[in-house]
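I am keeping short notes on what I looked up in this structure. The model comes first, then my entries.

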Amino acid sequence: MKKTKRILALIGAILLLLLYVVAFVATVLDHTSDMRYWKAAVAATIIIPVLIWAYSFVYRLLKGSDDVTKNKTNVLDKNDTLHK
């Protein structure tokens with residue numbers, strides 16, 4: 001699982017870098033003053049990681065990952081021992 005996450009993180013970093021390279025090239029070749037492509041690249045750089053985080057967060061909630069379940073169980077066990 002860790003290896004998969006590392007590979008996906010590397011792919012994401014490469015895609016973000018390519019996004020900037022393509023935006024830079026398009027900005028240099030586009031001679032308009034509104035810099036539409038650069039603004040789109042900056043917006044995508046913010047929006048894409050946020051969406052990836054949100055998708056992974058919802059996936060973990062729906063999947064009911066073991067970490068979340070273990071943390072809930074540990075908290076419940078601690079509360080039970082405190083109230084006894």
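Is Trp-53 buried or exposed? I found Trp-53 exposed, with a relative accessible area of 52%. For these words I used the cut-offs buried under 20% relative accessible area, exposed over 50% and partly exposed in between, with a 1.4 Å probe and protein chains only.

Source notes. The model is predicted, so I took local features only at pLDDT of at least 70 and side-chain atom pairs only at pLDDT 80 or more, while totals for chains, interfaces and linings use all residues. Residues are numbered from 1 along each chain as its sequence is written, and side-chain values use heavy atoms, with hydrogens and water left out.

Entry on the aromatic pair. I searched the whole structure and got one aromatic pair. The ring centres of Trp-53 and Phe-57 are 5.3 Å apart and their planes are at 10°, so I noted the pair as stacked. Rings of Phe, Tyr and Trp (its six-membered ring) pair if their centres lie within 6.5 Å; planes under 30 degrees apart are stacked, over 60 edge-to-face and the rest tilted. Trp-53 and Phe-57 are four residues apart in helix H2, which means about one helical turn between them. I put Phe-57 down as partly exposed, at 35% relative accessibility.

Entry on the chain. I counted three helices and zero strands. Helices (H or I, at least four residues) and strands (E, at least two) are DSSP runs, numbered from the N terminus. Buried residues make up 7% of the 84 residues.

Entry on H1 and H2. I looked up how H1 (residues 2–29) and H2 (residues 36–63) pack: the angle is about 170° and the axes are 8 Å apart. Axes are lines fitted to C-alpha atoms, for helices over the stretch in contact, and angles run from 0 to 180 degrees between N-to-C directions. H1 and H2 are therefore roughly antiparallel, a term for angles over 145 degrees.

Which residues of H2 are buried? I found Ala-41, Ala-44 and Thr-45. The buried residues of H2 pack against H1, where contact means heavy atoms within 4.5 Å.

Last entry. Just after H2, I noted Gly-64 with a positive phi of about 70°.

Notes: Angles under 35 degrees count as roughly parallel, over 145 as roughly antiparallel, 65 to 115 as roughly perpendicular and the rest as oblique.
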